[in-house]
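Here are some exercises to work through with the model open beside you. Try each task before reading its solution.

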Amino acid sequence: LKDFPKPLVFKKNTQPLAFVAGENAPASDVLALVDVASALQSFAVIEDLGVSLTDVEILGNEDILRLYNVVAIGSACENRVIDEFSSYKCKNTEELQGYATIELKQNGEKIILLINAEDSEVRRNAAKILGDYNKNSIFRTEKLEGIKMIFVKGSPEDPEILLRLPEIKKNEEETDQKEKIEEFKGEQEIKEKKISQKESDKLVTKKKPGFFKRMIRWIVGLF
């Protein structure tokens, strides 16, 4: 990502791109594609930047994936191209913790740019942040050397860009889960002790002679 918008487009690149949204994508995903397309157009200075397709259309046409660089925006649960190529599939998008991923994936000789997030507003902001790559210093630093995925959150005016997700939330959830398990074990142990005590009391009661038996034994003992 350090050389963005390369390798998607180059100054003299006339190879059009395929811009892909989910078949039932919200309007904000289409606007997000426009944000990225505008940024690429200003860099490449070409008249025909590319074509707009849905995820269903592109996955049903192998020639597009073979001949075009692709820009896909959406949720992995709503855009099948995202689910196919993103590191975060539909089944584990909750791990994103409210962040969007901006990811470059190699597809043969072509490149796929993926913006993936559960929330459509987060995706739109990520597209705007990427579109303003000249204004965001992280895109011009050595930190992105060799990096193919970043995590983005916040507004374009005040973006939060990370190279890896924070582990705090995950650790807190694990701690809460462990505490609940320990609490459950403690409650079970108390219940088991109470049950054992009751059973012990019953045994003692059964073994203890009744009043009349004790009286007869006392009388017999007198003689």
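**Exercise 1.** Find which residues Ile115 touches, not counting residues up to four places away in sequence.

*Solution.* Step 1: take contact as heavy atoms within 4.5 Å. Step 2: list the partners of Ile115, which are Val36, Ala72, Ile73, Gly74, Ile82, Thr101, Ile102, Arg123, Ala126, Ala127 and Leu130.

A word on the ground rules: this is a predicted model, where local features need pLDDT of at least 70 and side-chain atom pairs count only at pLDDT 80 or more, while totals for chains, interfaces and linings use all residues. Residues are numbered from 1 along each chain as its sequence is written, and side-chain values use heavy atoms, with hydrogens and water left out.

**Exercise 2.** Work out which residues have the most contacts inside the largest nonpolar core, and which elements give two or more residues to this core.

*Solution.* Step 1: a nonpolar core is a set of buried Ala, Val, Leu, Ile, Met, Phe, Trp, Tyr and Cys residues joined through side-chain atoms within 4.5 Å; buried means under 20% relative accessible area with a 1.4 Å probe, protein chains only. Step 2: the largest core has 29 residues, and Leu8, Val36, Leu40, Val71, Ile102, Leu113 and Ile115 have the most contacts inside it. Step 3: two or more residues each come from β1, α1 (27-44), β3, β4, β5, α5 and β6; helices (H or I, at least four residues) and strands (E, at least two) are DSSP runs, numbered from the N terminus. Step 4: α1 gives the most, 6 residues. Step 5: a second, separate core has 14 residues, including Val20, Leu53, Ile58 and Val81.

**Exercise 3.** Trace the order of the strands in the open sheet.

*Solution.* Step 1: strands pair if DSSP finds at least two bridges between them. Step 2: the 7 strands run in the order β2-β1-β3-β5-β4-β6-β7, with mixed pairing. Step 3: β2 (50-54) and β7 (159-162) are the edges, each pairing on one side only. Step 4: β1 (residues 17-21) joins β2 in the parallel sense over 5 bridges, with Val20 opposite Leu53 in β2.

**Exercise 4.** Classify the aromatic pair formed by Tyr88 and Phe151.

*Solution.* Step 1: rings of Phe, Tyr and Trp (its six-membered ring) pair if their centres lie within 6.5 Å; planes under 30 degrees apart count as stacked, over 60 as edge-to-face and the rest as tilted. Step 2: Tyr88 and Phe151 lie 6.0 Å centre to centre with 85° between the planes, an edge-to-face pair. Step 3: Tyr88 counts as buried because its relative accessibility is 14%, and Phe151 because its value is 4%.

How values were computed
Buried means under 20% relative accessible area, exposed over 50%, partly exposed in between (1.4 Å probe, protein chains only).
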